[in-house]
Amino acid sequence: MKCHICGSEIVPVVTDLPFKRSDSTIVILKALPVLQCVGCSEYLLEDPVMERVEEILDQADRHAELEIIRYAA
């Protein structure tokens, strides 16, 4: 697969990503499987991963300023 930004190869990696839930809440998902470009570091989340991310974010503490959660499929 090629990157839609720079045309370089996209490879599967595991990384940590922040998600902003509101003006005052950030959730960091650890060990998240993504497809990342080797050229520009642009990343993509596959549909099943994004569905699980949405489930995790829905269950996150809405009153916490920062929450760190390990991704589990």
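Which residues gather in a patch of negative charge on the surface? They are Glu 46, Asp 47, Glu 51, Glu 54 and Asp 58. Asp and Glu count as negative, while Lys and Arg count as positive; His and the chain ends are not counted. A patch takes residues with over 30% relative accessible area and no salt bridge, and like charges are joined within 9 Å. The place of a charge is taken as CD of Glu or CG of Asp, and as NZ of Lys or CZ of Arg. Accessible areas come from the Shrake-Rupley method with a 1.4 Å probe, and for residues only the protein chains shown count as cover.

The model is predicted, so local features need pLDDT of at least 70 and side-chain atom pairs count only at pLDDT 80 or more, whereas totals for chains, interfaces and linings use all residues. Residues are numbered from 1 along each chain as its sequence is written, and side-chain values use heavy atoms, with hydrogens and water left out.

The overall layout comes next. The protein has one helix and four strands, and from the N terminus on the elements run β-β-β-α-β. Helices (H or I, at least four residues) and strands (E, at least two) are DSSP runs, numbered from the N terminus. Along the principal axes, the C-alpha atoms fill a box of roughly 40 × 25 × 15 Å. Of the 73 residues, 26% are buried. Buried means under 20% relative accessible area, exposed means over 50%, and partly exposed lies in between (1.4 Å probe, protein chains only).

Strand 1 covers residues 10–20 and pairs with strand 2 in the antiparallel sense over 10 bridges. Two strands pair if DSSP finds at least two bridges between them. One of the bridges joins Val 13 to its partner in strand 2, Val 34.

In one of them, the side chains of Lys 30 and Asp 16 meet at 3.2 Å, N to O. Lys 30 is in strand 2 and Asp 16 in strand 1, so the pair links distant parts of the chain, 14 residues apart. Lys 30 is partly exposed at 28% relative accessibility, and Asp 16 is partly exposed at 38%.

Strand 2, residues 26–37, also holds Ala 31. This residue has a positive phi of about 60° although it is not a glycine. Ala 31 counts as partly exposed because its relative accessibility is 24%. The C-alpha atom of Ala 31 is separated by 6.3 Å from that of Arg 70, 39 residues apart along the chain. Arg 70 is in strand 4, residues 66–70, and counts as exposed at 57% relative accessibility.

Ser 41 lies in the loop between strand 2 and strand 3 (43–44). Ser 41 is not a glycine either, yet has a positive phi of about 70°. At 44% relative accessibility, Ser 41 counts as partly exposed.

Helix 1 spans residues 47–59 and holds Glu 51, a member of the negative patch. In a salt bridge, the side chains of Arg 52 and Glu 55 meet at 3.1 Å, N to O. Because Arg 52 and Glu 55 are three residues apart in helix 1, about one helical turn separates them. Arg 52 is partly exposed at 23%, and Glu 55 is partly exposed at 42% relative accessibility.

Technical notes: Patch = residues over 30% accessible without salt bridge, like charges linked within 9 Å, V, L, I, M, F, W, Y side chains within 5 Å. Salt bridge = Lys/Arg side-chain N within 4 Å of Asp/Glu carboxyl O.
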